[in-house]
Amino acid sequence: MVLGAEGERRIPFEDLHRLPGDRPEADTTLAPSDLVTAVELPMGPEVERSTYTKVRDRASYAFALVSVAATLRLEDDRVDRVRIAWGGVAHKPWRARRAEEALTGGPLDEQAVRAAVDEELAAATTDDETAFKVAMVRNTTTMTLLGLAGEAAR
């Protein structure tokens, strides 16, 4: 929820952040007088488990080098529903829809997660200062989803 000059309104999370384009100083779609008053996270029966993993430099408490937010529902040892979002790897939070699609319907194991992440990142571009994040997001996503699967099996 956002409170602004025109009153209260909802902004879908995917519409909150923006790419730099011709206004690199504007990270969000918020107006200068807007105030975020609430963040709503829908948690219906289709979400069995969820978690957030933040990987950071030991000297930093503020910013993640990589973060993974995920939800997972398994049905008969197959992925029934998975949602993955990454932070710290792009100018705005990255919803890993291709990876979600690649994992849905199949078994959840290390090989499947790594392949799904690689498929998602196939078109990603890096430079000398960010290339390490590809392996970091692959490993963090794998650890996070396998951890959720382990919780679901208990």
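Helices (H or I, at least four residues) and strands (E, at least two) are DSSP runs, and they are numbered from the N terminus. The model is a predicted one, so local features need pLDDT of at least 70 and side-chain atom pairs count only at pLDDT 80 or more, while totals for chains, interfaces and linings use all residues. Residues are numbered from 1 along each chain as its sequence is written, and side-chain values use heavy atoms, with hydrogens and water left out.

Pockets come first. On a 1 Å grid over the protein atoms alone, a pocket is an open set of points with protein on both sides within 12 Å along at least five of seven lines, a 1.4 Å probe being the one used for fitting, and lining residues have an atom within 4 Å of a point. Grid points are joined across faces, edges and corners, and a volume is the space filled by probe spheres set on the points.

The second largest pocket has a volume of about 210 Å³. The largest pocket has a volume of about 1,400 Å³. Of its 39 lining residues, Phe13, Glu14, Glu40, Leu41 and Ala85 are the closest to its centre. β6 provides the largest share of this lining, with 6 residues. By type, the lining of the largest pocket splits into 24 nonpolar, 6 polar and 9 charged residues (Ala, Val, Leu, Ile, Met, Phe, Trp, Tyr, Cys and Pro count as nonpolar, Asp, Glu, Lys and Arg as charged, the others, Gly among them, as polar).

Next comes the nonpolar core, a set of buried Ala, Val, Leu, Ile, Met, Phe, Trp, Tyr and Cys residues joined through side-chain atoms within 4.5 Å. Buried means under 20% relative accessible area, exposed over 50%, and partly exposed in between (1.4 Å probe, protein chains only). The largest such core has 22 residues, and Leu72 and Trp86 are among those that touch the most other members. β5 gives the most to this core, 5 residues. Leaving aside neighbours within four places in sequence, Leu72 is in contact (heavy atoms within 4.5 Å) with residues including Glu48, Val82 and Leu145. In soluble globular proteins, nonpolar side chains tend to be buried together.

Ala62 sits in the loop between β4 (49–55) and β5 (66–75). Ala62 counts as exposed because its relative accessible area is 54%.
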